[in-house]
Amino acid sequence: MQRLAILSLITIAVGADAEAAETARHTYANPIDIDYRYNFEQRNEDVSYRTGADPAIVRHKDAYYMFQTLADGYWRSTDLIDWTFVKPNRWPFDSIVAPAAWSDGERIVIQPSMMEPEAILETRAPETGQLDFLVRRMPPLPGAVQKEPGEMKPGEIPPGPWDPALFKDDDGQWYMYWGSSNIFPLYGSRIAFEDGKLVYQSHPRPMLSMDPGRHGWERFGKDHCACWAPGRPSPSYMEGAWMTKVRGRYYLQYGAPGSEFNAYANGTYVSDSPLGPFTYAPYNPVAYRPGGFAEGVGHGSTFEDRHGNWWNSGTSWIGNNWGMERRIALYPATFYPDGQMAVSTRFGDFPHRAAISKVDDAESLFTGWMLLSYRKPAVASSTMGAFSAVNATDEDPRTFWVAANKEPGQTLTIDLGEVKTIRAIQVNFADYKAGRYGDAPDIYTEFRLEQSVDGTNWQKLADTGTQRRDRPNAYLELPGSVATRFVRYVHGHVGGANLAISDLRVFGNARGTPPARPAGVAADRSKDARDATIRWRPVKNALGYNIRWGIRPDRLTLTYQLFADELVGAPLEKEIRALNVGERYFVAVEAFNETGVSRLSRVTEMR
């Protein structure tokens with residue numbers, strides 16, 4: 001009891017300091033904390049959900065601007081942590097899907113996906129929301145016809161441009177890339193903007209195509225099963241073009257194999273010319289995250305921050321209310337001196353720092369704050385039906401707790417099991433029969449977080465403050481560390497018809513030592529060379545594992561995160577189905593728990 005009393009004094013003091021100090025966030029967690037908009041497309045089906053997808057992020061002058069699908073506006077940030085929604089003076093009546101965006105230093109050009117000629121917008125003062133027409137009406141896409149693939153003649157292409165990307169080279173020449181199909185390739189063309197017109201300066205030609213027979217990660221479905229469900233085979237989709245030029249190389253990126261499952265990823269082809277020919281990168285995919293809470297990272301954008309660091313954004317899958325219910329994720333990226341592109345998704349939905357200077361190692365942005373809430377006991381003030389509080393600690397965005405009503409004062413409490421040091425909390429709301437299909441003044445998120453050492457005496461931990469905005473994935477970094485055992489959500493307001501929380505995620509560190517280094521790692525390449533089975537011995541006190549692999553033993557750029565209770569047997573094993581035929585791979589495993597991360601196992605070759 002004396003120990004608990006001392007800890008109570010510590011937490012009370014920290015809480016007082018937190019209230020007195022101005023909170024300054026330095027970290028973020030995926031999915032990023034923005035006011036995602038309610039989708040209107042399924043209004044007639046009475047399916048209501050918030051969503052964000054297909055992010056196009058550009059740096060323009062002193063800020064970053066993010067455009068995405070069906071948002072009726074865009075977001076602005078100066079630090080990649082806090083994002084403010086900008087309501088533009090004009091926006092397409094049917095909104096924008098999968099936009100292209102590019103800054104040439106003087107203006108941002110914004111182009112929607114389109115199947116017939118529409119408008120292209122520009123802004124020279126994006127912070128104000130003032131948009132103007134750059135092109136009031138696009139010209140027809142050269143060679144575009146509405147035909148079945150087998151009926152098309154040489155030089156004919158499908159309607160578009162859908163999922164466009166814009167790129168202005170160092171010499172001032174503009175290019176456009178586009179495509180979204182399970183049949184057709186991505187296309188590219190040299191273009192110009194002249195006197196309110198877009199001019200196609202070259203006939204569209206194919207840039208790249210998928211080859212799932214050789215590229216395991218391009219197979220559609222959960223963990224690349226090449227299916228919608230057992231017995232329901234499905235083709236893969238390629239979409240989401242984005243061009244990045246680094247040290248004279250052109251990286252034409254694409255999303256595959258489809259947004260509806262955990263395996264959505266980004267890949268790249270590389271060329272010495274903006275229109276190719278392009279060569280498939282042997283280290284693909286470049287951005288991959290099939291495990292954890294924020295699954296999937298396909299169809300996004302790559303940009304350089306003001307400090308010279310690279311970032312890759314993408315689309316994370318939820319898919320509970322609708323297959324295209326999604327969120328936005330942001331990961332640090334690297335272009336190695338030998339040209340390899342890589343995106344670090346290791347612990348990708350745990351807190352990361354936003355870079356404030358040039359960073360040599362992208363993984364150094366991981367804070368080391370571990371997940372403390374996984375499968376912890378949770379109780380609620382009330383529950384609707386079978387939507388119990390235990391759903392709020394399972395790291396699954398498709399399960400959730402629903403309160404009996406959404407009146408202020410409803411609570412959700414997690415018992416961390418013992419006193420631990422907490423640093424940040426993420427409250428992820430779900431849309432259970434939300435009944436909203438657009439913006440409204442009463443769509444905002446308001447709540448308070450409290451902590452207690454003994455479960456009886458409670459102190460304020462954090463709250464949403466005075467700014468009224470919607471925060472479906474609210475991330476609250478604490479101004480200092482707090483030693484406590486119980487964390488309680490106290491409800492204020494949500495805009496949907498029900499109070500539903502998918503996961504109340506608590507980050508920090510427990511006392512103790514990290515797990516031991518995994519041993520007995522072996523990797524057997526399957527007869528189908530796109531697959532390999534990784535085996536290792538269980539590690540005592542491990543909460544989970546990261547399988548890390550790549551085409552060089554000193555560069556394990558890809559990660560599959562798993563929790564220990566997802567694995568059975570001894571040795572443990574997991575099949576990786578994202579390999580490229582003909583490539584040599586190396587793999588290692590690390591274990592993690594609430595204290596920290598083990599040393600990486602011995603690196604072994606997949607044979």
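Tutor: Some ground rules: the model is predicted, local features need pLDDT of at least 70, side-chain atom pairs count only at pLDDT 80 or more, and totals for chains, interfaces and linings use all residues. Residues are numbered from 1 along each chain as its sequence is written, and side-chain values use heavy atoms, with hydrogens and water left out.

Student: Okay, why is Ser 313 called buried?

Tutor: Buried means under 20% relative accessible area, exposed means over 50%, and partly exposed is in between (1.4 Å probe, protein chains only). Ser 313 has 0%, so it is buried. It lies in strand 24, residues 310–317; strands (E, at least two residues) and helices (H or I, at least four) are DSSP runs numbered from the N terminus.

Student: Which residues is Ser 313 in contact with, leaving aside its neighbours within four places in sequence?

Tutor: Contact means heavy atoms within 4.5 Å. Among the partners of Ser 313 are Pro 55, Asn 266, Val 297 and Leu 330.

Student: What makes Tyr 269 and Tyr 280 an edge-to-face pair?

Tutor: Rings of Phe, Tyr and Trp (its six-membered ring) pair if their centres lie within 6.5 Å; planes under 30 degrees apart count as stacked, over 60 as edge-to-face and the rest as tilted. The structure holds 37 aromatic pairs. Here the ring centres of Tyr 269 and Tyr 280 are 5.3 Å apart and the planes are at 70°, so the pair is edge-to-face. Tyr 269 sits in strand 21 and Tyr 280 in strand 22, so the pair ties together parts 11 residues apart in sequence. Tyr 269 counts as buried at 9%, and Tyr 280 does at 16%.

Student: What makes us say that the charged end of Arg 488 sits over the ring of Trp 458?

Tutor: The cut-off is NZ of Lys or CZ of Arg within 6 Å of the ring centre and within 35 degrees of the ring normal. The charged end of Arg 488 is 3.9 Å from the centre of the Trp 458 ring. For Arg 555 over Tyr 336, the distance is 3.8 Å.

Student: Why is the link between Cys 225 and Cys 227 called a left-handed disulfide?

Tutor: A disulfide is a pair of cysteine sulfur atoms within 2.5 Å, and these two are 2.2 Å apart, S to S. The torsion about their S-S bond is about -115°, so the disulfide is left-handed. Cys 225 is partly exposed at 29%, while Cys 227 is buried at 12%.

Student: How do you know that Arg 107 and Asp 104 form a salt bridge?

Tutor: The rule asks for a side-chain nitrogen of Lys or Arg within 4 Å of a carboxyl oxygen of Asp or Glu. The closest N and O atoms of Arg 107 and Asp 104 are 3.0 Å apart, and the rule gives 47 salt bridges in the structure. Arg 107 is buried at 13%, but Asp 104 is partly exposed at 24%.

Student: What about Glu 590 and Arg 548, what makes them a salt bridge?

Tutor: Their closest N and O atoms are 3.4 Å apart. Glu 590 lies in strand 41 and Arg 548 in strand 38, 42 residues apart, and both are buried.
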